[in-house]
Amino acid sequence: MSAAGPPAAGRAVAEYRIEDLAHASGATVRTIRAYQDRGLLPTPERRGRVNVYGDTHLARLRQIADLLDRGYTLASIKELLEAWDTGRGLGGVLGLVAEVHGPWTDERADRITRADLEARFGGHSDDAAIAEAVELGILERIPGRDDEFVVPSPQELSVAAELYAAGVPLTAISGHLRELREQVEQIASRFLEFTTEHVFVRYLGHRPPSDADAAEAASMVRRLRPLAQQTVDAELARAMRVFATRHLEHHLAAEEPYPPQPTGGTRRPVDLAADTVRAVERLVGRENAGRFISAAAERELQTRTLDALAASRQIAREVE
């Protein structure tokens with residue numbers, strides 16, 4: 001690299017041969033030439049048999065790399081850069097891109113050592129399980145470190161650890177996550193289609209949008225970002241309440257009918273909270289509520305009697 005020409009604003013104008021430009025930008029010589037052929041880079045200055053590039057080319061290569069990292073195709077990048085070259089700023093568009101690529105949760109990534117990871121999952125090494133966790137994105141490898149991982153979502157890892165501790169096999173957990181992820185991705189896709197159709201279409205009607213429209217769309221993303229999670233949280237809570245009640249009702253009313261209430265003996269009324277009675281009625285039906293409460297009381301009495309007998313037997317042994 002060499003500096004030539006008079007200084008501009010107290011600074012020499014940088015000049016690069018293509019090899020120097022590749023080194024400074026991180027792109028390959030082949031990539032730079034491909035970008036030139038596609039019209040993504042300004043034409044370099046020709047000096048004899050050598051092409052000379054400047055800071056403008058370096059800045060452009062860095063812009064292209066940044067947009068590629070954000071998921072843009074070369075075709076869409078070309079449209080954006082042409083808009084820039086014709087006087088339409090990229091500031092608003094890049095602000096919108098940054099907003100969309102920003103964090104969609106308050107959760108922060110963490111790190112975990114392999115020893116701590118193994119301790120949380122049974123205390124034994126399982127290379128296959130770790131490889132699957134990396135494939136699913138639950139863990140991310142750190143270059144040059146085999147004994148430590150990045151955890152993008154500590155909450156997700158904690159859920160997996162709790163399920164494993166409760167007796168769920170790792171293969172079942174990973175299979176459930178794959179199925180759940182597919183369903184959640186469908187929800188996310190539908191939410192984006194819905195908001196684009198009814199909200200963002202008025203901002204993104206032009207390609208690329210104007211700075212003002214892009215800035216307003218970015219503001220709207222900030223407002224709508226938490227709505228997807230809030231809606232899913234509320235609907236999941238509602239569904240869990242409904243289905244958990246049905247599951248419990250199914251298992252409580254399974255094979256053994258509630259025993260009939262005894263006809264003999266001394267009866268004494270017992271006051272129960274109205275909320276408790278209503279909850280029992282929702283579980284087993286109003287016609288079964290009395291027998292259910294009676295059976296539950298009998299079982300509790302039997303359990304306490306057995307506990308008392310066992311305790312007295314233990315005391316007797318200690319005395320002997």
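This is a predicted model: local features need pLDDT of at least 70, side-chain atom pairs count only at pLDDT 80 or more; totals for chains, interfaces and linings use all residues.
A residue counts as buried when its relative accessible area is under 20%, as exposed when over 50%, and as partly exposed in between (1.4 Å probe, protein chains only).

Residues are numbered from 1 along each chain as its sequence is written, and side-chain values use heavy atoms, with hydrogens and water left out.

**The chain as a whole**

- The chain holds twelve helices and seven strands; helices (H or I, at least four residues) and strands (E, at least two) are DSSP runs, numbered from the N terminus.
- Of its 320 residues, 24% count as buried.
- Taking contacts between residues at least 6 apart in sequence, 59% join residues at least 24 apart; contact means heavy atoms within 4.5 Å.

**Around helix H1**

- Glycine 26 follows H1, and its phi is positive, near 90 degrees.
- Histidine 57 sits in helix H3 and counts as buried, at 7% relative accessibility.
- Leaving aside neighbours within four places in sequence, histidine 57 is in contact with Leu21, Leu41, Pro42, Thr43 and Pro44.

- E2 and E4 run antiparallel and are joined by two bridges; two strands pair if DSSP finds at least two bridges between them.
- Glutamate 15 stands opposite glycine 54 in E4.
- Strand E3 (residues 45-47) also pairs with E4 in the antiparallel sense, over three bridges, and here arginine 46 stands opposite asparagine 51.
- The hairpin of E3 and E4 has two residues between the strands, and glycine 48 takes a positive phi near 65 degrees there.

**The E5-E7-E6 sheet**

- Three strands form an open, antiparallel sheet in the order E5-E7-E6.
- Strand E5 (110-113) and strand E6 (140-142) stand at the edges with a single partner strand each, so one side of each is left without a neighbour in the sheet.
- Neighbouring strands of this sheet are turned by 40 degrees against each other on average, direction ignored; axes are lines fitted to C-alpha atoms, for helices over the stretch in contact, and angles run from 0 to 180 degrees between N-to-C directions.
- Four bridges link E5 and E7, and the partner of aspartate 110 in E7 is valine 151.
- E6 pairs with strand E7 (residues 145-151) over three bridges, and arginine 141 has phenylalanine 149 as its bridge partner in E7.
- Two residues lie between the strands in the hairpin of E6 and E7, where glycine 144 has a positive phi near 80 degrees.

- Arginine 114 is in helix H6 (residues 114-120).
- Which side chain makes a polar contact with the side chain of arginine 114? It is that of aspartate 127, at 2.2 Å; a polar contact is a pair of N or O atoms within 3.5 Å, where, within protein, one must be able to donate a hydrogen and the other to accept it, and residues adjacent in sequence count only if both atoms are side-chain atoms.
- Beyond its neighbours within four places in sequence, arginine 114 has contacts that include Ser125, Ile130, Asp146 and Phe149.
- Glutamate 79 lies in helix H4 (residues 74-85) and is partly exposed, with a relative accessible area of 32%.
- The C-alpha atoms of glutamate 79 and leucine 40 are separated by 9.4 Å, and the two residues are 39 residues apart along the chain.
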